[in-house]
Amino acid sequence: VDLAPLVAQLGSSGVIVDATDRARYEEPARGRRGTAAAVVRPATLEEVRAVVEWARTNQVRLLPQGANTGLVGASTPGVSSNDGEPTVVLSLERLDAGLTVDAGDRVAVVAAGTRLSALNAAAARHDLHLPIDLSADPSLGGMVATNTGGSRVLRYGSLRRHVLGAEVVFADAAVSVVTHLDAVRKDSRGLELPQLLVGSGGALGVVTRVAVALTPVPEATATWWIEPRDEAAVPELLAALEQDPAHGELLSALELLSVGALEAAASHGGEGGGVPFAARRPPVVLLAEWSGPSTAIDGLERLFARLVEAGLANDAVAVPPARSWALRHGVTDALRVRGVVLGHDVATPRRALMAFRADARAAVQALVPRAEVSDFGHVGDGGLHCNVVFPHGIAPPTSAERAAIRGAIEAAVAAHGGTYSAEHGLGPLNAARWRATTPVVEQAVIAAIKRTVDPLGLLGHRDHPYNHASLGSEEKPDRA
Ligand code: LAC
Ligand code: ZN
């Protein structure tokens with residue numbers, strides 16, 4: 001590809017070709033490293049437009065990338081992506097200036113490359129935050145592309161609920177820029193284009209700025225670890241916590257960790273035997289968080305005394321939030337250190353989650369008895385990371401086994417009315433499932449949008465499902 005025009009426009013620091021310097025843009029957080037023909041790093045909206053225009057002229061695939069923390073393979077080139085079709089990574093990391101917080105309106109407008117931590121540091125000066133909590137530190141543009149969830153979806157919803165506006169560059173003939181950053185809280189002028197970009201995985205447009213609604217930082221937070229009576233008691237426990245008159249409204253997270261996930265996180269984080277209920281090794285433990293006024297976050301001991309008395313829980317213990325979340329957020333890294341991890345980010349209606357979980361675990365153990373199902377996740381919103389680990393020292397999964405495991409988990413999730421992508425978005429990893437299960441008319445709607453905003457099909461990973469949406473059977477005019 002002819003990069004000279006880009007170097008002329010972005011300067012040499014804006015275009016990376018050296019293989020060593022490319023590495024961190026090519027290495028996904030999960031999955032295999034691919035090869036990019038180059039990495040371009042525009043620092044302004046005009047430079048983003050110039051890159052898109054260059055890609056159109058040269059018919060080069062552009063892969064928008066935020067902080068590269070995604071887990072579905074959507075932000076890095078595929079292993080064979082340069083076979084006949086070079087991919088250029090469009091990194092938004094330099095697009096990170098000009099953050100504004102309107103404390104009165106509780107709105108922030110941020111450039112796409114701004115990290116969640118930077119947004120929250122600025123918002124904290126006004127006692128505000130974007131209440132999305134996860135172990136990675138993604139960029140806001142990437143969060144829009146993914147519809148990031150995290151541990152507090154139960155209370156605050158996923159990113160979609162917080163997006164009030166966006167600015168986006170399309171790859172149509174005019175390289176149009178659409179700017180909706182007014183951040184009006186209520187607006188019913190029909191469909192909202194910024195919302196259309198939520199979850200689009202970089203395959204519809206390049207998000208350059210985002211307006212998000214902020215919420216007050218709670219005065220107090222408490223976290224407790226709970227040993228449920230058994231796995232079947234989890235839905236009843238969730239209901240009891242939510243229905244508690246004094247604390248139900250303040251519940252902000254309910255997480256589940258299987259024994260494998262908890263012990264991996266504990267040993268990875270150097271906690272040794274200091275994990276909750278370590279001696280008894282219950283098959284699952286729960287982590288619950290409440291946040292709100294400090295006067296309201298008390299009396300949790302009495303709540304747990306009642307739950308133990310009612311036979312829903314065996315035990316519960318308060319652990320400071322920082323330590324609780326360090327343990328919880330360490331799970332993904334801890335499992336990765338243990339061996340090869342096959343991640344499955346699923347959700348079902350909450351009432352069905354534990355039944356799904358039992359079916360999925362049984363199916364995986366029957367397929368690969370040597371693997372560990374170290375699942376964990378966000379039971380408060382019906383989400384589960386059904387992660388299957390092949391520890392170092394045992395045979396890693398064959399590609400047939402990988403496919404069989406994914407197929408079994410996704411079949412179980414479908415049987416329980418759930419989703420194969422709960423909060424990690426759409427990408428090459430789940431493209432086949434999208435194609436197979438998305439109704440024809442929905443695929444046709446996506447294809448029509450795609451054709452309007454990216455008619456040459458240049459944006460997003462080559463294997464992103466939106467680059468393969470079926471137009472369906474278009475109606476033929478009746479000429480009789
Ligand atoms: C988590 C990530 C993997 O919940 O979504 O830790
Ligand atoms: Zn998660």
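The model is predicted, so local features are given only at pLDDT of at least 70 and side-chain atom pairs only at pLDDT 80 or more, while totals for chains, interfaces and linings use all residues. Residues are numbered from 1 along each chain as its sequence is written, chains are lettered from A and ligands numbered from 1 in the order in which they are written, and side-chain values use heavy atoms, with hydrogens and water left out.

## Overall build

The chain contains 16 helices and 21 strands. Its radius of gyration is 23 Å, close to the 23 Å that the globule rule gives for 480 residues, so the chain is as compact as a globular protein of that length. This radius is taken over C-alpha atoms, and the rule is 2.2 Å times the number of residues to the power 0.38. Helices (H or I, at least four residues) and strands (E, at least two) are DSSP runs, numbered from the N terminus.

Along its principal axes, the C-alpha trace spans about 70 × 60 × 55 Å. Of the 480 residues, 53% count as buried; this term means under 20% relative accessible area, whereas exposed means over 50% and partly exposed lies in between (1.4 Å probe, protein chains only). Among contacts between residues at least 6 apart in sequence, 75% join residues at least 24 apart, where a contact means heavy atoms within 4.5 Å.

## The zinc site

Which residues hold the zinc ion (ligand 2) as protein donors? They are His378 (NE2), His385 (NE2) and Glu423 (OE), at 1.9 to 2.1 Å from the ion. Donors are N, O and S atoms within 2.8 Å of the metal (3.2 Å for Na, K and Ca); water is not among the atoms, so sites may look incomplete. The spacing of the donor residues in sequence is H-x6-H-x37-E. Histidine 378 counts as buried because its relative accessibility is 5%, and histidine 385 is buried as well, with a value of 5%.

## Cavities

Rolling a probe the size of a water molecule over the atoms shows where empty space is left. A search of the whole structure finds two cavities of 30 Å³ or more. On a 1 Å grid over the protein atoms alone, a cavity is a set of points where a 1.4 Å probe fits but cannot get out, and its lining residues have an atom within 4 Å of a point. Grid points are joined across faces, edges and corners, and a volume is the space filled by probe spheres set on the points.

The largest cavity holds about 70 Å³ of space. Its lining has 13 residues, of which Val72, Asp345, Tyr420, Leu429 and Asn430 lie nearest the centre. By class, this lining divides into four nonpolar, six polar and three charged residues. Here Ala, Val, Leu, Ile, Met, Phe, Trp, Tyr, Cys and Pro count as nonpolar, Asp, Glu, Lys and Arg as charged, and the others, Gly among them, as polar.

The second largest cavity holds about 50 Å³. Eight residues of its lining are nonpolar, none is polar and two are charged. Among the lining residues are Val259, Leu262, Glu263, Phe277 and Arg281. Helix α9 (residues 259–268) gives the largest share of this lining, three residues. In α9, Ala261, Leu262, Ala264, Ala265 and Ala266 are buried. The elements that cover these buried residues include β12 (220–228), β13 (251–258) and α11 (321–329).

## Single residues

| Residue | Relative accessible area | Class |
|---|---|---|
| Serine 158 | 19% | buried |
| Leucine 367 | 41% | partly exposed |
| Glutamine 59 | 54% | exposed |
| Asparagine 147 | 12% | buried |

Serine 158 lies in the loop between α6 (153–156) and β8 (163–169). Beyond its neighbours within four places in sequence, serine 158 is in contact with Ile132, Asn147, Thr148, Gly149 and Val153. Asparagine 147, one of these partners, belongs to the loop between α5 (140–146) and α6. Its phi is near 60°, a positive value in a residue other than glycine.

Glutamine 59, in the loop between α3 (45–58) and β3 (61–65), also is not a glycine and has a positive phi of about 50°.

Leucine 367 is part of helix α13 (residues 353–367). Not counting residues up to four places away in sequence, leucine 367 touches Ala404, Ile405 and Ala408. Leucine 367 and glutamate 401 are 34 residues apart in sequence, and 7.8 Å separates them in space, C-alpha to C-alpha.

Conventions: 1 Å grid on protein atoms, 1.4 Å probe; cavity = no way out; pocket = protein on both sides within 12 Å on 5 of 7 lines; lining within 4 Å.
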